[in-house]
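Opening the notebook on this one. I'll jot down what I look up as I go, beginning with the core.

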Amino acid sequence: MTRFQDKIAIVSGGADGMGAACVRRLAAEGATVYALDVKFDTACELADELSAAGARVTALQADVLDEAQFRSALRAAVRAESRVDVLINVAGGSAAGMIADIDLGVWDRLYELNVRSTLIACQEAIPAMRLRGSGSIVNMASISGLRGDPGWAAYNSAKAAIISLTQSLAWEEGLNGIRVNAICPGPVASQRMLATLPPEAFAKYDEACALGRMGRAEELAEAILFLASDQASFVTGASLVADGGLTASTAQPTDFGEVRRAELARRRGQAVG
Ligand SMILES: NC(=O)c1ccc[n+]([C@@H]2O[C@H](COP(=O)([O-])OP(=O)(O)OC[C@H]3O[C@@H](n4cnc5c(N)ncnc54)[C@H](O)[C@@H]3O)[C@@H](O)[C@H]2O)c1
């Protein structure tokens, strides 16, 4: 497929996980891609690898928490190409804490990392998109933004804010030819998840999904690129859930009990017991 031939794309959080998977897919489909990340070395390695194979990928160094640095990196990319067609805002993160006693510094930082960074990137890309009368933005939300969980209010409400921002932006920019959508992944076995979660948590996430497994970054990139592409020409203001069926059930992972756990183990050819 060459849905992004001759398109200019910027991906924040493009060095690792779902962002890197988007960079790879965009490059494979003909886009000129800017992979912006605080992990500049990793972004450079990715850009070098893909450029050596004939793609056009440039690493951009920026911490999305540093407004001046972030804006200047985005401006450099837009200026270099005189336009931007696709913006994918992936950079983000989570932090736990009960509402009653969560530290306000942690709360503010999480909103800056997820919500304010998305706003800043949109502010930088939209003027260039307006000039051409077209553009597509995909913002990284989460199924966490659709529900509440004890101990995750900062993350859940920040992702809910991204969904709301996406809807308002879709209306503000619809007549300018700019589509704005959000993606709501379920559990995805990204580098961050692999590095931070204990092994038993992975089994719980597998059980929680109707498909019996967590998602892969590449699968989420497919859903994100659908939204970013012209195939989604009548899709704007939407939040696409890609969660292996997790939110299709009202039960909690722990509610499924031994029967489903045993069935999953049996299908994996593991001993049950
Ligand atoms: N993994 C999941 O299960 C899951 C589910 C739903 C939503 N999400 C969201 O997806 C996004 C990416 O998650 P992932 O699991 O692929 O993580 P990841 O850590 O594998 O990738 C995130 C990328 O963003 C970059 N990044 C983080 N903070 C940054 C900053 N301040 N400035 C610039 N770059 C920064 C990281 O360096 C990394 O390259 C996040 O917004 C996360 O909230 C993840």
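This is a predicted model: local features need pLDDT of at least 70, side-chain atom pairs count only at pLDDT 80 or more; totals for chains, interfaces and linings use all residues.

**Entry 1: the core.** I started with the largest nonpolar core, which has 75 residues, and Cys22 and Ala35 are the ones that touch the most other members. I then checked which element gives the most to this core, and H4 does, with 9 residues.

**Entry 2: Ala35 up close.** What is alanine 35 in contact with, leaving aside its neighbours within four places in sequence? I got Val11, Gly14, Ala15, Val23, Ala43, Leu46, Ala47, Val57, Ala59 and Leu60.

**Entry 3: helix H3.** At 1.5 Å a residue, its 15 residues should span 21 Å, and I find the end C-alpha atoms 22 Å apart, which agrees. Next I listed the buried residues of H3: Phe70, Ala73, Leu74, Ala77 and Val78. Looking down the axis of H3, I see these buried residues fall within an arc of 130°, so they line one face of the helix. On the other side of H3 I noted Ala68, Arg75, Arg79 and Ala80 as exposed.

What do the buried residues of H3 pack against? I found strand S1 (8-12), strand S2 (32-37), strand S3 (56-61) and helix H4 (104-132).

**Entry 4: the ligand.** I counted 28 residues around the ligand, and the closest are Gly13, Gly17, Gly92, Ser190 and Arg192. Helix H1 (17-28) and helix H6 (191-196) are the elements that give two or more residues to this shell. Sorted by class, I have 14 nonpolar, 9 polar and 5 charged residues in the shell.

**Entry 5: Gly186.** I went to the loop between strand S6 (178-185) and H6, where glycine 186 lies. Is glycine 186 buried or exposed? Buried, because I count 22 C-beta neighbours inside 10 Å, and the cut-off for buried is 20 or more. Leaving aside neighbours within four places in sequence, I have glycine 186 in contact with Ile143, Cys209, Gly215, Ala242, Asp243, Gly244 and Leu246.

Key: Residues are numbered from 1 along each chain as its sequence is written. A residue is near a molecule or strand if its C-beta atom, placed from the backbone, lies within 6 Å of it. Helices (H or I, at least four residues) and strands (E, at least two) are DSSP runs, numbered from the N terminus. Ala, Val, Leu, Ile, Met, Phe, Trp, Tyr, Cys and Pro count as nonpolar, Asp, Glu, Lys and Arg as charged, and the others, Gly among them, as polar. The expected span of a helix is 1.5 Å times one less than its number of residues. A residue is buried if 20 or more other C-beta atoms lie within 10 Å of its own, exposed if 12 or fewer, and partly exposed in between; C-beta atoms are placed from the backbone. The arc is that of the directions from the helix axis to the C-beta atoms. Two residues are in contact if their C-beta atoms, placed from the backbone, lie within 7 Å. A nonpolar core is a set of buried Ala, Val, Leu, Ile, Met, Phe, Trp, Tyr and Cys residues joined through C-beta atoms within 7 Å.
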